[in-house]
Amino acid sequence: HNRPKLGDRQFTVVHVDHGIHPQSDSWAQHVAQHASLWQLPAKIKRVNLAGLSNNLEFAARKARYAALCEESCDAIMMAHHADDQIETFLMKLMRGSGLKGLRGMGEDSPCWYDQSIRLLRPLLKTTRYQLESYVAEHGIAHVEDTSNADLKYDRNYIRHAVWPIISDRFDIADININKSIELLGEAWELTTALAENDLQHAEIELHVLDWTRIKDLSTVRIKNLILHILGLNHVYGYSIGH
């Protein structure tokens, strides 16, 4: 909202139009107009979801990140906030995710689509209520995606049907869940460090392990090592524990 605070950094506003919503053209115009007011260069990128996935949400996400990463930037700044973090955690919990999934989104982490690009989420500890209050107080023009109310999407169902019940019963559930997510992140760092240590000890040459150096490890520790190796090789289709 305050252009001078951006300093000397070079920013480009990128809006991805998935072509799903009938009002998407007006949303793109809204972004272009406000970028012009803030004297920021803007790009409107329209993507084709055909052939990406039978799951519309996943196809849109994949196309969106592909479009963003095409900009050859150092980092992508996202607007994910604290409520997004909780919704993601609950969705992953329902899917039986392990530490890697439950640890949530990071404020500064490699992009899952392109590891050479950083994902920055400066609003991750700011709640939706705080953001809505700020927007109202400063009279900021904004767009509300009407599909956010459609309960056929899991995230929307959690937001409108599940979360209100939880928050009514447990008044600081948002604070405590985010605290747990941070602790899960610390646990993930520890398991990753352990796997890296085991890999260094067992790897006698590139991609070759000495079985005698790991055969006495516990089953859980060997599993952790295998999952770590799969992750290093960008094999994300596995499901054991992650």
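**Close-up 1. Cys 73 and its cysteine neighbour Cys 69.** In this predicted model, the sulfur of Cys 73 has its closest cysteine sulfur in Cys 69, 6.6 Å away, which is too far for a bond. With 24% relative accessibility, Cys 73 counts as partly exposed.

**Close-up 2. Cys 111, again with Cys 69 as its partner to check.** Here the closest cysteine sulfur to that of Cys 111 belongs to Cys 69, at 3.8 Å. A disulfide needs the two sulfur atoms within 2.5 Å, so this pair is too far apart for a bond. Cys 111 has 0% relative accessibility and therefore counts as buried. If you are setting up bonds, here is the overall tally: zero disulfides turn up in a search of the whole structure.

**Close-up 3. Helix 3 packed with helix 6.** Residues 82–94 form helix 3 and residues 154–169 form helix 6; their axes lie 10 Å apart at an angle of about 100 degrees. The two helices are therefore roughly perpendicular. Helix 3 brings Asp 84, Ile 86, Glu 87, Thr 88, Leu 90 and Met 91 to the contact, while helix 6 brings Asp 154, Arg 155, Ile 158, Arg 159, Trp 163 and Ile 166. By class, that makes six nonpolar, one polar and five charged residues.

**Close-up 4. Helix 7 packed with helix 8.** Helix 7 (residues 173–202) meets helix 8 (residues 219–232) at about 90 degrees, with 9 Å between the axes, so this pair is roughly perpendicular. Among the residues in contact are Thr 191, Leu 194 and Leu 199 of helix 7, and Arg 221, His 228 and Leu 232 of helix 8. The contact as a whole has six nonpolar, four polar and three charged residues.

Notes
Residues are numbered from 1 along each chain as its sequence is written. This is a predicted model: local features need pLDDT of at least 70, side-chain atom pairs count only at pLDDT 80 or more; totals for chains, interfaces and linings use all residues. Side-chain values use heavy atoms; hydrogens and water are left out. Axes are lines fitted to C-alpha atoms, for helices over the stretch in contact, and angles run from 0 to 180 degrees between N-to-C directions. Helices (H or I, at least four residues) and strands (E, at least two) are DSSP runs, numbered from the N terminus. Angles under 35 degrees count as roughly parallel, over 145 as roughly antiparallel, 65 to 115 as roughly perpendicular and the rest as oblique. Contact means heavy atoms within 4.5 Å. Ala, Val, Leu, Ile, Met, Phe, Trp, Tyr, Cys and Pro count as nonpolar, Asp, Glu, Lys and Arg as charged, and the others, Gly among them, as polar. Buried means under 20% relative accessible area, exposed over 50%, partly exposed in between (1.4 Å probe, protein chains only).
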